[in-house]
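Hi everyone, thanks for coming. Let me put the structure up and talk you through a few things.

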Amino acid sequence: MITPCCGDLRDLKGNHYHRIVEITDNAGKCLLSEYTVDEPSCSTPRKRPFNLHSVSSIEELRTPSFEELLKSFWDTKSPKQHANGDARYNNGSYEAAQSVSDSRVPLIASN
């Protein structure tokens, strides 16, 4: 039972080896012929202008810290939105909002 399996294994290994060589050759051809962007010309390339952004414009893209984001979020909420019992951010800490009248209906069976 082992002898036929060994023969099949040798055939499989040979087929895999030939496919690996084929894939390696195709990858080499592709990299050499299709992805060659710059060809050596033995001369200095001409200077190209670059459009670089200023440091201030790059700094404007920076995400604010979590605390700043959280503070701006809670500052934009109206007092009416806090009255639903959710937690709110006040003076650097969380606190439970006191609900004057809770408009949410408790879960009930509908059928």
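Let's begin with a term: buried means under 20% relative accessible area, exposed means over 50%, and partly exposed is in between, using a 1.4 Å probe and protein chains only. Now, this is a predicted model, so local features need pLDDT of at least 70, side-chain atom pairs count only at pLDDT 80 or more, and totals for chains, interfaces and linings use all residues. Residues are numbered from 1 along each chain as its sequence is written, and side-chain values use heavy atoms, with hydrogens and water left out.

First stop, helix α1, residues 2–34. Helices here are DSSP runs of H or I with at least four residues, numbered from the N terminus.

What about the cysteines? A disulfide is a pair of cysteine sulfur atoms within 2.5 Å, and the count is 0. That's because the sulfur of C5 has its closest cysteine sulfur in C6, 7.1 Å off, too far for a bond. C5 is partly exposed at 48%, and C6 is partly exposed too, at 35%.

Last, the aromatics. Rings of Phe, Tyr and Trp (its six-membered ring) pair if their centres lie within 6.5 Å; planes under 30 degrees apart are stacked, over 60 edge-to-face, the rest tilted. We get 1 aromatic pair: F73 and W74, edge-to-face, 4.9 Å centre to centre with 70° between the planes. F73 is partly exposed at 40%, while W74 is buried at 14%.

Technical notes. Helices (H or I, at least four residues) and strands (E, at least two) are DSSP runs, numbered from the N terminus. The expected span of a helix is 1.5 Å times one less than its number of residues.
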